[in-house]
Amino acid sequence: MDEFEYRGDKKGPKNEKLQSAIPNGTKVLGAELKGDVVYLDLSNEFIENNSVEEKTIINAIVNTLTELNEVNGVKILINGQENKEFKGGKVNFKDTFTRNK
């Protein structure tokens, strides 16, 4: 998968009262489906977030990807490494995230 950068200012919500859950500057370094889990490799900008609640960011990603029939979970990597966490330390990426019902 080619690397691309998420730019919230370019493709954010159309409603100006809403904001994107994905931190600006976040790059998707890779994505791979293993069984029913997507391994999503994101750049360090993702964990430097300080404008959106951490659980909101995770739920936005997981709930979007698990809309696909083949996907039941998401494992988040930062620069190819497991067990990272947001700088606030509230959410650690050691576990596979599943859909918030």
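Residues are numbered from 1 along each chain as its sequence is written. Local features need pLDDT of at least 70, side-chain atom pairs count only at pLDDT 80 or more, totals for chains, interfaces and linings use all residues, and side-chain values use heavy atoms, without hydrogens and water.

**Exercise 1.** Determine where confidence is lowest and where it is highest.

*Solution.* Step 1: pLDDT is the predictor's confidence in each residue, from 0 to 100; the protein averages 81. Step 2: strand S1 (residues 4-5) has the lowest mean, 42, and strand S3 (residues 37-42) the highest, 95; strands are DSSP runs of at least two residues, helices (H or I) of at least four, numbered from the N terminus. Step 3: residues 1-10 remain under 50. Where pLDDT is low, the predicted coordinates should not be read in detail.

**Exercise 2.** Characterise the surroundings of Phe46.

*Solution.* Step 1: Phe46 lies in the loop between S3 and helix H2 (54-65). Step 2: its relative accessibility is 0%, so Phe46 counts as buried (under 20% relative accessible area; exposed over 50%, partly exposed in between; 1.4 Å probe, protein chains only). Step 3: beyond four places in sequence, its contacts (heavy atoms within 4.5 Å) include Ile57, Ile61, Phe86 and Phe93.

**Exercise 3.** Classify the ring pair of Phe86 and Phe93.

*Solution.* Step 1: rings of Phe, Tyr and Trp (its six-membered ring) pair if their centres lie within 6.5 Å; planes under 30 degrees apart are stacked, over 60 edge-to-face, the rest tilted. Step 2: the structure holds four aromatic pairs. In one of them, the centres of Phe86 and Phe93 are 5.2 Å apart and the planes stand at 75 degrees, so the pair is edge-to-face. Step 3: ring pairs link Phe46, Phe86, Phe93 and Phe97 into a cluster.
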